[in-house]
Amino acid sequence: MQDPVIQAQNLSLTFQTNDGPVHALKDVDLTIEKGDFVSFIGPSGCGKTTFLRCIAALEKPTAGSLTVNGLTPEEARRNRAYGYVFQHAGLYPWRTIGGNIRLPLEIMGYAKSDMADRVQHVLKLVDLEGFEKKFPWQLSGGMQQRASIARALAFDADILLMDEPFGALDEIVRDHLNEQLLKLWAKTGKTVGFVTHSIPEAVYLSTKIVVMSPRPGRITDVIESTLPRERPLDLRETPEFLALSHRVREGLRAGHSYD
Amino acid sequence: MRNLLPILTVLGGIVLLWYLAVAPMNIRVALDQAERAGSTITPEGSVERRSVSVFRLMADNSEHVRAAYALDRPRLPTPAQVGAELWKTTGDMALKGRAFSNRSLIYHAWITLQSTLWGFALGMAVGILGAVAIVYSRVADMSLMPWAIISQTIPIVALAPMIIVVSSQLGIEGRGVPKAIISAYLCFFPVLVGMVKGLRAPDPSQLDLLKTYDASGLQSFLKLRLPASLPFLFTSLKIGIAAALVGTIVGELPTGAVSGLGARILIGDQFGAPLAIWSALFAAAILAGLLVTLLDLTQRVALGRMEGRA
């Protein structure tokens, strides 16, 4: 058995605010194996984004331990362990799509010739070939988000962290991107951490669904998906899919997420 | 072209009001002159007329109202008179090959322009560097910003002579340097405020993204904050250059300067030559308009190119 890619033990994060402490995360234990597609689902304030940010070393846990590839999150970041995708594509309007994808490569000091190859490679992965010289305003919202995924893939990180990447898109575009994301995952074998509000999205994409609850932010259920790896969109009408969705909903209810 | 009609309408309105104002402003002088030339005016005598309203005078001496539009030294010249004077001191002199004689407004505008550009460059540098300090240092944010605001509450007219006295005490010859300092003093503020806003324009997730790349502070400045601030910078520069021009003219006023548009305004005042004042004022306005337009075009081209729209 390989070492887990991400391991959290008794992880807690408390923000000190003027209204007293806020327990964003409390005693979270979670293990993510290589190649897992893990969704974090729960209502606002359950700490799913905070957990992702801890993995990315954008937040510092106040207690417990967290390792990424066996290292501290800061060390893992320095080793370019992960690519991060935000809810908003956040492409620089003054850079072309290719220029935006080159941004991390420039910062990390890749050679010029290498950059060009990598840009072509990831544009192909997200199905945006031929858009290298276009500017962000010339692309639809869905295409922009694909470009931002390409940007996160450009430097070969093994882990892809996605914080509600499709949250701002309409459902039709979202379905399409979910399908594409699964293909991408199958092709690249990356470990994915995916934050979402949507039960169908979580069930459709994941090998492991982490159900979370607020006040304090904690994990109420971890569901290993029984769905096959090959997942056409109409899989979502099968009894197996509905059963999993039901279990996620039960988990949310148990955590008083609907109160 | 669609923008032209409203602009022309407003311009037409201003010119009309101006022409209407000329008669009441000049009627007393016109009547005095007419009386001296032998006409009969009611009431007789300049002193008597002081207690009569200008509109009354215009009604009682309507045949002399025309003269109010053609005085040599009017209280308020007509637009046509100003235009003629402006042409006489610019285009006409240029045609005669004397564009840079000291009677030419082109020469004086050139003197003012030089100081303006030096002051603009200085103010821009101070504004941008100050903004960088404020955005990157909390101490600078808390200490510099209040002083920047206070600096703008001091009337520049009061400060200008002091700057000139101090710089002559420091052994700085000529008027160029103090004028540029006064000009920079007015111009740095909009640049500072605009750049602070611009450098802070990227939202937190964009800064987080750079953190995930383990980018250094310099990298995130050069790759994100600086380009994101450019639209704000251009807007500030347009305000800044107009302020720099005003600063230069103010710097030329109180000090017995003999060249520059400010000096022309002052000399026109001292020698009772309102036409000279007005034409210098218009020359300054035209100069400001040209500078702002130039920056505006640069902005359109630069930002359009940057985002692939041009």
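**Note on the domain and chain interfaces**

1. Between chain A and chain B of this predicted model, 6 residue pairs are in polar contact, both residues being at pLDDT 80 or more. A polar contact is a pair of N or O atoms within 3.5 Å; within protein, one must be able to donate a hydrogen and the other to accept it, and residues adjacent in sequence count only if both atoms are side-chain atoms.

2. On the side of chain A that touches chain B, α2 (73–78), β5 (82–85) and α3 (97–108) each supply at least two residues. The greatest contribution to this side is that of α3(A), with 5 residues. Helices (H or I, at least four residues) and strands (E, at least two) are DSSP runs, numbered from the N terminus. By class, this side of chain A holds 15 nonpolar, 1 polar and 6 charged residues. Ala, Val, Leu, Ile, Met, Phe, Trp, Tyr, Cys and Pro count as nonpolar, Asp, Glu, Lys and Arg as charged, and the others, Gly among them, as polar.

3. The contact (heavy atoms within 4.5 Å) involves 22 residues of chain A and 20 residues of chain B. About 2,100 Å² is buried between the two chains, and carbon and sulfur atoms give 63% of it. Buried area is the accessible area (1.4 Å probe) that two parts lose on being put together, summed over both.

4. Chain A and chain B are joined by 3 salt bridges, each a side-chain nitrogen of Lys or Arg within 4 Å of a carboxyl oxygen of Asp or Glu. A:R77 forms a salt bridge with B:D214, with 3.2 Å between the closest N and O atoms.

5. Within chain A, the assignment gives domain 1 (1–81 + 159–259) and domain 2 (88–156); such bounds come from an automatic or database domain assignment. The centres of these domains, taken over C-alpha atoms, are 25 Å apart.

6. Domain 1 of chain A places 15 residues in contact with 15 residues of domain 2 of chain A. These domains bury about 1,200 Å² between them, 69% of it on carbon and sulfur atoms. In domain 1, A:R80, A:Q180 and A:L184 lose the most area to domain 2, together 42% of what that side buries.

7. Between the two domains of chain A there are 0 salt bridges, while 4 residue pairs are in polar contact. On the domain 1 side, β6 (159–163) and α6 (171–188) each supply at least two residues, and α6(A) gives the most, with 7 residues.

8. Residues are numbered from 1 along each chain as its sequence is written, and chains are lettered from A and ligands numbered from 1 in the order in which they are written. Local features need pLDDT of at least 70, side-chain atom pairs count only at pLDDT 80 or more, and totals for chains, interfaces and linings use all residues; side-chain values use heavy atoms, with hydrogens and water left out.
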